[in-house]
Amino acid sequence: MTALLNKGRCAAGGRNAAAASKTALRRLLPLLAAAWLLPAAASAGSATRFISANIDVPVRRGAGDNYKIIKMVRVNVKSELLAEKNGWAKVRFEDGDEGWLPEHLLTAAAPPVEDAKMFRQQNEQLRKKNDDLSMELTALKEHQDSESEKLADCVAAQNKLKAERRAAEDTGKLFWFLAGGGVLLLGWLLGRFSHGSPRKKSGLSIR
């Protein structure tokens with residue numbers, strides 16, 4: 001019975017280790033996918049525009065030169081394209097301001113400074129995700145090592161129980177062998193004593 005219980009525990013330990021490995025792998029897959037898709041996601045911002053003019057550009061309230069100027073922007077300023085109308089583009093700047101300016105003064109090509117900034121951000125995000133992956137892998141390895149030790153202990157205990165059971169079986173066989181031999185010996189001794197004892201002669205004789 002004890003052997004069956006230990007065998008069940010060993011099997012449960014193996015199943016738990018497999019389940020834990022699958023869980024850890026499922027947790028790692030989103031991180032791997034995010035790291036793989038990060039550059040593509042960063043480059044997919046087609047609505048981002050930069051000021052290409054080498055002079056300060058006026059930003060107006062509407063699509064036309066007759067609208068009031070609300071601010072001036074410099075070359076390489078980043079903005080988000082919201083709408084286009086009659087050669088004018090409505091944009092939103094990083095400070096939240098919105099306005100219109102000539103569409104031909106905008107470009108989708110990021111300046112070298114902006115590219116360097118974007119690459120630094122991507123590199124930092126990738127580094128963080130790499131650190132997360134390393135931590136996950138370390139935790140997974142430690143868990144696998146722990147489960148392997150438990151499994152090895154379980155197998156050793158099971159082998160010990162098997163050896164004890166074989167020893168008990170051998171002891172039982174020896175006992176019954178000796179018990180059978182003892183019965184035979186007792187029967188032989190009883191038979192010998194019963195046949196070997198002389199009969200008493202009768203005290204009366206007829207002449």
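Which helix, spanning which residues, holds Leu 185? Select residues 112–196, and you have helix 2, in which Leu 185 lies; helices here are DSSP runs of H or I with at least four residues, strands are runs of E with at least two, and both are numbered from the N terminus.

The model is a predicted one, in which local features need pLDDT of at least 70 and side-chain atom pairs count only at pLDDT 80 or more, while totals for chains, interfaces and linings use all residues. Residues are numbered from 1 along each chain as its sequence is written, and side-chain values use heavy atoms, with hydrogens and water left out.

Show the whole protein chain next: two helices and seven strands are present, in the order α-β-β-β-β-β-β-β-α from the N terminus. Of its 207 residues, 19% are buried, meaning under 20% relative accessible area with a 1.4 Å probe, protein chains only.

Picking Val 91 leads across to Gly 99 of strand 6, its bridge partner. Between these strands the hairpin has four residues, and there Gly 96 takes a positive phi near 95°. Strand 6 itself covers residues 98–102, and four of its five residues are buried.

Finally, turn to the contacts, which are heavy atoms within 4.5 Å: in the protein chain, among contacts with a separation of 6 or more, 56% come from residues 24 or more positions apart.

Technical notes
Buried means under 20% relative accessible area, exposed over 50%, partly exposed in between (1.4 Å probe, protein chains only). Two strands pair if DSSP finds at least two bridges between them.
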